[in-house]
Amino acid sequence: MAAGAATDDAGLLEFWQLLLAAELPAGKSRALLESMKGKLTRSELLSRLSETERQKAMLANSGALRTAAEEGVWALAADDYPEVLRQTPGAPSALFVWGDASPLEKPTVAIVGTRQATPYGRAVAIKFAEGLARAGVTIVSGGALGVDAAAHRGALQAGGSTVAILAGGVDRLYPPNNRGLFEQIRKSGCLISQYAIGTRPDRFRFLERNGLIAALSRAVVVIEAPSRSGSLRTAHQANDLGRQVFVVPGTVDMDTFRGSHALIRDGASLVDHPDQVLEELGLSAATPSAPSKPASSAGSAILEHLSWTALSPEKLAEICGMEAADVMSELTMLEIDGHAVRTDGGYVKSL
């Protein structure tokens, strides 16, 4: 994807910084840009803003902008948006991007869910992201703890592309614990923000960010969402935009799936395998390679007990009657051979 007119021009980068810092309604931004007819100058912009908007624009962090530009951050203007966003009413006038935005030209699917995800929810997020990424889908999520981070990691583990939509400036990596993950995402995709460089990730921005996740995606997969969850907002916004909403169910006694089950009752599509999402979107699943057998009988025994519910090495050692060190060795081989996937809660069986 082209970087847009602002890629290498410091003046245009400053223009977009001021415009996004002013936080204009989407309609006013669009009308302003059309009225200026390509005369994207700082003075012209400021003269068209209200006093409140002008004050916000003047607070834009120029030092943070310079640093971000030196590190490779660039601006993507609306004319260069991927088609799915370009056709979305109320889309931001520009986005700041850190990394390569070309994966957005591929089919995009958002995977979202709670930050307090269970080991099961994280494992499912990884498996769905892996299956979709292998089929050439770009995984979109919010970079948060829990389901978001698991979805990004699943795409990366599959050698696919993933994009993180941030709730603050693209330089304000939040949560800090995911800094290493954000660096990996930039190597296979990009970080995106609709906010000026240096903007803090205030609480209300997370809800706005969820709207951009929905707008950038052809479909949304909700993995694990309690009754009060930002991912429900993403699902509702996706539905309002005409996007398909898929939900992976949990067991009836899991409170963290109450919101997910409500979405299913309201008409969202229940799915239990990523190929079902691909089929609904008219996409082909990746051709599976011929399954290989584990290298040892011990590995085969462990594999028989792996499922979508994560099990710790200690639990597997107990179940299989093996020494913990031997189980760890076998799990390493199973992971290398593609039979098992490691999650925060333990190991699950690969697709």
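**Reading the terms in this predicted model**

Q: Between which helices does glutamate 23 lie?
A: Glutamate 23 sits in the loop between α1 (10-22) and α2 (26-36). Helices (H or I, at least four residues) and strands (E, at least two) are DSSP runs, numbered from the N terminus. The model is predicted: local features need pLDDT of at least 70 and side-chain atom pairs count only at pLDDT 80 or more, while totals for chains, interfaces and linings use all residues. Residues are numbered from 1 along each chain as its sequence is written, and side-chain values use heavy atoms, with hydrogens and water left out.

Q: Why is glutamate 23 called partly exposed?
A: Buried means under 20% relative accessible area and exposed over 50%, with partly exposed in between (1.4 Å probe, protein chains only). Glutamate 23 has 35% relative accessibility and therefore counts as partly exposed.

Q: Is the peptide bond from tyrosine 174 to proline 175 cis or trans?
A: This bond is cis, with omega near 5 degrees. Proline 175 belongs to the loop between β5 (162-165) and α9 (179-188), and tyrosine 174 is likewise found in the loop between β5 and α9.

Q: What makes tyrosine 174 partly exposed, and which residues does tyrosine 174 touch?
A: Its relative accessible area is 44%, so tyrosine 174 is partly exposed. Contact means heavy atoms within 4.5 Å. Not counting residues up to four places away in sequence, tyrosine 174 touches Gly143, Phe182, Pro201 and Phe206.

Q: How do you know that the span of helix α7 agrees with its number of residues?
A: The expected span is 1.5 Å times one less than the number of residues. For the 16 residues of α7 (residues 119-134) this should be 22 Å, and the end C-alpha atoms are 23 Å apart, which agrees. Of these 16 residues, 13 are buried, and α7 is mostly covered. Glycine 136, which follows α7, has a positive phi near 90 degrees.

Q: Why are β1 and β9 called edge strands?
A: Two strands pair if DSSP finds at least two bridges between them. The 9 strands form an open sheet in the order β1-β2-β6-β5-β4-β3-β7-β8-β9, with mixed pairing. In this sheet β1 (73-77) and β9 (269-270) each pair on one side only. Within the sheet, 3 bridges join β4 (residues 138-141) to β5, and these two run parallel.

Q: What joins the side chains of threonine 256 and glutamate 224?
A: A polar contact is a pair of N or O atoms within 3.5 Å; within protein, one must be able to donate a hydrogen and the other to accept it, and residues adjacent in sequence count only if both atoms are side-chain atoms. The side chains of threonine 256 and glutamate 224 are joined by a polar contact of 2.5 Å. Threonine 256 is placed in the loop between β8 and α12.

Q: Which residues touch the most other members of the largest nonpolar core?
A: A nonpolar core is a set of buried Ala, Val, Leu, Ile, Met, Phe, Trp, Tyr and Cys residues joined through side-chain atoms within 4.5 Å. The largest has 37 residues, of which Trp16, Phe96 and Leu191 touch the most other members. Helix α1 gives the most to this core, with 8 residues.
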